[in-house]
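Subject: The structure I promised you

Hello,

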Amino acid sequence: MSIVYLLLYVILLFLEPINPCRVEECAAWFQKTKDYENLVPKATERYCQVLQTYLKCMNDTQRFCHGNLRFHSSELVMRRHWKEFECEKWESCNENQMGVKKKPVNT
């Protein structure tokens with residue numbers, strides 16, 4: 001029986017830990033896209049589209065990143081960019097897919 005436990009222990013040592021928080025994956029995609037398209041943080045439709053996709057990725061993984069400081073820091077900065085650059089003004093970005101809350105329009 002001890003050989004079974006030893007084998008199980010060895011197998012567990014070589015398995016990579018499964019990390020469902022995909023903050024690194026989202027950030028890597030965002031950085032590669034910015035580099036490839038030479039995007040800089042400013043109020044352009046394309047930057048807002050890329051930012052929207054990044055925030056959607058972050059939103060999709062947030063429940064797994066509860067204690068991840070990089071997740072919370074990145075999300076805070078990107079949401080500030082969203083507001084600062086008024087990304088909701090672009091027609092291609094105004095569908096509220098990434099969880100950025102809009103103010104209701106008074107009629």
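Which residues do ring pairs link into a cluster? They are Phe30, Tyr47, Tyr54 and Phe85.

Before the details, please keep in mind that this is a predicted model, in which local features need pLDDT of at least 70, side-chain atom pairs count only at pLDDT 80 or more, and totals for chains, interfaces and linings use all residues. Residues are numbered from 1 along each chain as its sequence is written, and side-chain values use heavy atoms, with hydrogens and water left out.

**The overall picture**

The chain has 4 helices and 0 strands, where helices (H or I, at least four residues) and strands (E, at least two) are DSSP runs numbered from the N terminus. Along the sequence the pattern reads α-α-α-α. Of the 107 residues, 28% count as buried; buried means under 20% relative accessible area, exposed over 50%, and partly exposed in between (1.4 Å probe, protein chains only).

**The aromatic rings**

Searching the whole structure gives 3 aromatic pairs. Rings of Phe, Tyr and Trp (its six-membered ring) pair if their centres lie within 6.5 Å, and planes under 30 degrees apart count as stacked, over 60 as edge-to-face and the rest as tilted. Phenylalanine 30 and tyrosine 54 are stacked, because their ring centres are 4.5 Å apart and their planes at 25 degrees. This pair links distant parts of the chain, with phenylalanine 30 in helix α2 (residues 23–36) and tyrosine 54 in helix α3 (residues 45–61), 24 residues apart. Both phenylalanine 30 and tyrosine 54 are buried.

Tyrosine 47 and phenylalanine 85 make an edge-to-face pair, at 5.8 Å centre to centre and 80 degrees between the planes. Tyrosine 47 lies in α3 and phenylalanine 85 in the segment after α4 (69–84), so the pair ties together parts 38 residues apart in sequence. Tyrosine 47 and phenylalanine 85 are both buried.

With 17 residues at 1.5 Å a residue, α3 should span 24 Å, and its end C-alpha atoms are 25 Å apart, which agrees. (The expected span is 1.5 Å times one less than the number of residues.) The buried residues of α3 include Val50, Leu51, Leu55 and Cys57. Those buried residues pack against α2 and α4.

How do α3 and α4 pack, and at what angle? Their angle is about 145 degrees, with the axes 10 Å apart; axes are lines fitted to C-alpha atoms, for helices over the stretch in contact, and angles run from 0 to 180 degrees between N-to-C directions. Among the residues that meet are Leu51, Leu55 and Met58 in α3 and Phe71, Met78 and Trp82 in α4, where contact means heavy atoms within 4.5 Å. The residues of this contact divide into 9 nonpolar, 4 polar and 2 charged. Here Ala, Val, Leu, Ile, Met, Phe, Trp, Tyr, Cys and Pro count as nonpolar, Asp, Glu, Lys and Arg as charged, and the others, Gly among them, as polar.

**Two residues to look at**

Tryptophan 29 sits in helix α2 and counts as partly exposed, at 35% relative accessibility. Beyond its neighbours within four places in sequence, tryptophan 29 is in contact with Val50, Thr53 and Tyr54.

Arginine 22 is in the loop between α1 (2–14) and α2. At 30% relative accessibility, arginine 22 counts as partly exposed. Leaving aside neighbours within four places in sequence, arginine 22 is in contact with Cys57, Asp60, Thr61 and Cys65.

Best wishes
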